[in-house]
Amino acid sequence: MMDFLFLPDKIRNAINNVDKLQISEIRLRVGFPIICQSKTKKYYLNNDGLTILDGGILTCLQEDIDFIISKVTENSLYAFNERLKNGYITTEDGIRIGIAGECVLVNDNVSTIKNITSLNIRIPNLIYGCSDIVFDLLFKKQFYNTLLISPPGFGKTTILKDLCFKINKQFSKNILIIDERGEFSQIQGEMIDKISYSTKYYAFCYGIRSMSPDLIITDELMTKEDWVCALSVKNSGVNIIASCHGESIENIILKEFFIKDIFDRYVVLDSKKEPGKIYRIYDKNFLAV
Amino acid sequence: MNVVFGVFSIILGTFIGYKMSEKYVKRKCFYNDLFAFNQVLKTEVSFSHNSIKKIIKERKTNVVTDYLNEAILKENTNLNVSFLNEEENAFLQSYVKSIGKSDRESQLEILSVYEMKIKKKLDFADEEFKKYKKLYPKLGFLIGLIILVVLL
């Protein structure tokens, strides 16, 4: 149950009138109307909830942004700075808040973000059973190293979360979740270990050595380093399930950091229909199965 | 009757003196706790990165943690500590406004500056404590004694 206590009263009261399953994001930009976004539609927010009309819509003020930042960081910005400079913070409920503002550079590295003017609050969904098809096809009889592919917001993380529950329940495998952004905070289980808020490189190296997992689940392989880490996981004899941004299998293959021999199956989610729907599953030679 | 009244004056005078000196005891304890809290916060900022909320919760309850709990976590900005003067309360409010509001490096610098300021205040509070802790009860006792002598 998400209570959104980190939101200012006016926004929280309005959000309480909204069916959370209906929206996937709340976007706040200083001086502009607050927008709630579903996968297909954009709504404004007024005191009664969602609206598509212009009248009475709530506008985001700088003090709203400051309030949210101070609440989420528990008035302890220093404790969240590493996450802040990566462009997001995560609440205790696992709600990821993307941040945009002025980056402060020290020796060409971002040391923090100040004058924050935009927030993207992503509503995490825990949909039990959303990974049924993937699970039945790819994990029930044999365990395939699997990569989920879709553009942002099409349910990769939600499917990964559900897979965690299912695998934890049905197999006696030690699962290690590498949770860079704290989005898996709700996932717990007797066979589940979690490394949160670290870089993938650190988590992969440290996790394999210290926790001896049978399976690693991680979100968003973004950089070359992430892919090299994933390869080393596979070469260590540990199974891996991961996700990656992309529109199609071709799109992934053409990425410069793509490494072919890591995954046995590629699950492409349908970015034209509703989130979580599978478009096609490919084998390691990129043939549809 | 006069003797009884005179003895009562001595007891009352000493008690009032003791009560008046209590402020200095509380003030010294307060700055001691604030100094300790500031040092813990510095360590936390440097190493474990725990939030102020967690640090306050984990520390033994005292006037400082109660104050910070109210001022920071419950956002009660007009809070005053009764045994501190106006300038000291203003100092405390500026401390509350400064902690937790910046990144690690800036925060460490700010906390170091406050460490020196709190130390100065602690030293001053200690001096006053030593001066007035015994002075007020003695004064109260003396006044009571004078009343007794006058009555006799």
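Reader: At what angle do helix 1 and helix 5 of chain B pack, and how far apart are their axes?

Author: Start with conventions. This is a predicted model, where local features need pLDDT of at least 70, side-chain atom pairs count only at pLDDT 80 or more, and totals for chains, interfaces and linings use all residues. Residues are numbered from 1 along each chain as its sequence is written, while chains are lettered from A and ligands numbered from 1 in the order in which they are written. Helices (H or I, at least four residues) and strands (E, at least two) are DSSP runs, numbered from the N terminus. Axes are lines fitted to C-alpha atoms, for helices over the stretch in contact, and angles run from 0 to 180 degrees between N-to-C directions. Here, helix 1 (residues 2-48) of chain B packs on helix 5 of chain B at about 175 degrees, and the axes are 8 Å apart.

Reader: What orientation does that give helix 1 and helix 5 of chain B?

Author: Angles under 35 degrees count as roughly parallel, over 145 as roughly antiparallel, 65 to 115 as roughly perpendicular and the rest as oblique. Helix 1 and helix 5 of chain B are therefore roughly antiparallel to each other. Their contact holds 33 nonpolar, 14 polar and 11 charged residues. In these classes, Ala, Val, Leu, Ile, Met, Phe, Trp, Tyr, Cys and Pro are nonpolar, Asp, Glu, Lys and Arg are charged, and the others, Gly among them, are polar.

Reader: How many helices and strands does chain B have?

Author: Chain B has five helices and zero strands. Its pattern along the sequence is α-α-α-α-α. The C-alpha atoms fill a box of roughly 70 × 25 × 25 Å along the principal axes. Chain B has 21 Å, whereas a compact globule of 152 residues would have a value near 15 Å.

Reader: And what is the radius of gyration of chain A?

Author: First, the secondary structure of chain A: eight helices and 14 strands. Its radius of gyration is 20 Å, close to the 19 Å from the globule rule for 289 residues, so chain A is as compact as a globular protein of that length. The C-alpha trace spans about 55 × 45 × 40 Å along its principal axes.

Reader: Into which domains is chain A divided?

Author: Domain bounds come from an automatic or database domain assignment. Chain A has domain 1 (9-122) and domain 2 (132-283). Their C-alpha centres lie 27 Å apart. For contacts, two residues qualify if their C-beta atoms, placed from the backbone, lie within 7 Å. Seven residues of domain 1 of chain A contact 10 residues of domain 2 of chain A.

Reader: How many residues of chain B are in contact with chain A?

Author: 13 residues of chain B are in contact with nine residues of chain A. Helix 2 (52-58) and helix 5 (104-151) of chain B each supply at least two residues of that side of chain B. By class, this side has three nonpolar, six polar and four charged residues.

Notes: Rg over C-alpha atoms; globule rule 2.2 N^0.38 Å.
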